[in-house]
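Have the sequence and the 3D view ready, and follow along helix by helix.

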Amino acid sequence: SSVFAVFVAMVALLTVLSAPVLGALADARGWQKRLFIATATAGSCVAMLQVLVPVDSAYGWQLAMGIYCVSLFFFGLSIAFYNAFLPVLAGSMGENKLGGWGFAVGYIGGAIMLIIAGLVLPAVLPDFENRFNLGLCLSGLWWLLFSLPAFFLLPKVAPASDAHLRPKGVFGPFKQVAGTLRHLRSYRMLFLFLLAFLVYINGVESVINLASAFASDVLMMSVGELTVMYLVVQFVAFAGAATCGYAA
């Protein structure tokens, strides 16, 4: 669990370093949808590889952790591009309300997948040793399946209005990010907000990623108890997201 925590932190750092550069590239070329499809597809397909992890191998946990961390990296990038569509889609509904309901519906989807992977599969395949890895594989498939409407229906985002003024070439996005960092004093409040959000959201992600390790290692909870705990969290989160979106 300690090694896993270190790798999750490394993934978060790698995401923080790469997302601004890819974001600059997407803005300059109008590639938000293209990069969203690429990263979400890559992450979901990598997640499906969990079914290949041998359950009786001494090195199975390292392989499972590696697959999870690579998938987590692509997930973080895909969410960055996914969120970029919110201002485009919100319209009269408002970004807060649409975002709140988007999260709420996502929590319900997560709960349904958790029931399938954590309760239905163990009941249907009680003697199948690889049933939990199969559940993780199905989660990756679930992710890809419910990304397809976005892949086909999301509108294409036009390049930034100042795209013709931005640095060109392979290193153009790097130069764009470097230029922004050099002028941080001009965006002091925005920078402080983004820094606060970075610290806050990585705290949230740490809880999400390490909750099961803490619950099993420290609280000695069984797989069944973990499943019930996560189900409770999903439904509470649904109510919280919907309520906060409405209030905002």
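Let's begin inside helix H5, where Gly99, Gly100, Ala104, Gly109, Ala111, Met113, Ala117, Gly118 and Leu121 are buried. Please keep in mind that this is a predicted model.

**Helix H5**

- H5 covers residues 95-124, which makes 30 residues.
- From first C-alpha to last, H5 reaches 42 Å, close to the 44 Å expected at 1.5 Å a residue.
- If you trace H5 along its length, you will find a bend of about 30° at Ile116.
- What covers the buried residues of H5? The cover includes helix H4 (86-90), H6 and H10.

**Gly140 in helix H6**

- H6 spans residues 131-145, and Gly140 lies in this helix.
- Is Gly140 buried or exposed? With a relative accessible area of 1%, Gly140 is buried, because buried means under 20%.
- Beyond its neighbours within four places in sequence, Gly140 is in contact with Ser44, Ala47 and Met48.
- Gly140 and Phe4 are 136 residues apart along the chain, and their C-alpha atoms are separated by 20 Å.

**Val21 in helix H1**

- Val21 has its place in helix H1.
- Its relative accessibility is 14%, so Val21 counts as buried, given that the cut-off for buried is under 20%.
- Not counting residues up to four places away in sequence, Val21 touches Pro173, Phe174 and Val177.

**Helix H9**

- H9 takes in residues 188-217, giving 30 residues.
- The span of H9 from its first C-alpha to its last is 42 Å, close to the 44 Å expected at 1.5 Å a residue.
- Where does H9 bend? The bend, of about 50°, is at Leu210.
- Asn209, Ala213 and Ala215 are the buried residues of H9, and they pack against helix H1 (2-29), helix H3 (60-83) and helix H10 (223-247).
- Setting aside neighbours within four places in sequence, Ser212 is in contact with Leu226 and Tyr230.
- Ser212 also sits 9.5 Å from Thr227, C-alpha to C-alpha, with the two residues 15 apart in sequence.

**A nonpolar surface patch**

- Which residues form the nonpolar patch on the surface? They are Tyr187, Leu190, Phe193, Leu194, Phe197, Tyr200, Val204 and Ile208.
- Together, these residues have about 820 Å² of accessible area.
- Tyr187, one of the patch residues, is found in the loop between helix H8 (172-182) and H9.
- Tyr187 has a relative accessible area of 41% and is therefore partly exposed.

- Met220 is found in the loop between H9 and H10.
- With a relative accessible area of 61%, Met220 is exposed, because exposed means over 50%.
- Met220 is not a glycine, yet its phi is positive, at about 60°.
- Most residues other than glycine have a negative phi.

Definitions and conventions
Residues numbered from 1 in each chain as written. Predicted model: local features only at pLDDT ≥ 70, side-chain atom pairs only at ≥ 80, totals over all residues. Heavy atoms only, no water. Helix = DSSP H or I, 4+ residues; strand = E, 2+ residues; numbered from the N terminus. Expected span 1.5 Å × (residues − 1). Bend = angle between axes of the 7 residues up to and from the residue. Buried < 20%, exposed > 50% of the residue type's maximum accessible area, 1.4 Å probe, protein only. Contact = heavy atoms within 4.5 Å. Patch = residues over 30% accessible without salt bridge, like charges linked within 9 Å, V, L, I, M, F, W, Y side chains within 5 Å. Areas by Shrake-Rupley, 256 points an atom, 1.4 Å probe, with all protein chains shown as cover. Salt bridge = Lys/Arg side-chain N within 4 Å of Asp/Glu carboxyl O.
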